[in-house]
Amino acid sequence: MPGATEISRDLKPFKIGIVPCNGEEICAGSVTRFACRKVLDELRKGKTVTICLPLFIAGDKGEQQFASRFPTITVDGCDKRCSAISTERLSGKPSYSIVVTDLLKDKGLTLSESPRVLSETDKQAVDIIAEEIAKKVDELLGEAGDA
Ligand code: SF4
C-alpha cells in the first residue's frame with residue numbers, strides 16, 4: 001500500500017482512490033481487502049491507487065489531501081462503514097461507497113466465519129466485490145471497462 005510520499009508523486013486526475021476498511025476481525029473485512037487489491041493490481045491497475053486508512057485517520061496531510069482532491073470509492077466490510085465515515089469526516093464525501101455485506105446479501109452469498117482462511121464462496125465474493133468496484137471506477141472515469 002503506497003504511503004503519502006508515493007501518492008504525492010502519483011497524483012493524476014485520471015486515477016481513482018480506493019479506500020478499503022481495515023477489518024481484520026470478520027471475514028467481510030478480509031474479502032474487502034482482497035477485492036480492493038484485485039482491483040488495484042489486476043482489474044484497474046494504473047487507474048486506481050489506494051491510501052492507508054489508519055494513516056489517513058491519524059491525520060496525515062498527504063493522505064487527506066489525496067481523498068479531498070480525487071474521486072474516492074470507499075469499501076467497507078460491514079454497515080459500521082468505518083472507511084466511508086472516516087473519509088467523509090476527514091476529507092470529503094466519497095464519490096461512491098460500497099458495503100460488502102449489503103452487496104453480498106443482494107447476490108445471495110453467505111460468507112464463511114473465518115477471517116483468515118477463505119472458502120470457495122469467500123473467493124467468489126472477492127471476485128464479485130472486485131467487479132463492482134471496477135464498474136464504479138469506470139463510471140467515475142467516464143469510460144467503459146477496458147481491463
Ligand atoms: S467496516 Fe466493519 S469490517 Fe470494516 S473495519 Fe469497520 S467494523 Fe471492521
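A residue counts as near a molecule or strand if one of its heavy atoms lies within 4 Å of it. By that rule, the ligand in this structure is surrounded by C21, N22, G23, E25, I26, D76, G77, C78, K80, R81 and C82.

The model is predicted, so that local features need pLDDT of at least 70 and side-chain atom pairs count only at pLDDT 80 or more, while totals for chains, interfaces and linings use all residues. Residues are numbered from 1 along each chain as its sequence is written, and side-chain values use heavy atoms, with hydrogens and water left out.

Sorted by class, the shell around the ligand has four nonpolar, three polar and four charged residues; here Ala, Val, Leu, Ile, Met, Phe, Trp, Tyr, Cys and Pro count as nonpolar, Asp, Glu, Lys and Arg as charged, and the others, Gly among them, as polar.

The structure holds zero disulfides, a disulfide being a pair of cysteine sulfur atoms within 2.5 Å. For C36, the closest cysteine sulfur belongs to C21 and lies 8.2 Å away, which is too far for a bond.

| Cysteine | Relative accessibility | Class |
|---|---|---|
| C36 | 1% | buried |
| C82 | 44% | partly exposed |

Strand β3 (residues 72-76) is mostly covered, with five of its five residues buried; strands are DSSP runs (E, at least two residues), numbered from the N terminus. From β3, T72, T74 and D76 point one way, whereas I73 and V75 point the other way.

How values were computed
Buried means under 20% relative accessible area, exposed over 50%, partly exposed in between (1.4 Å probe, protein chains only). Helices (H or I, at least four residues) and strands (E, at least two) are DSSP runs, numbered from the N terminus.
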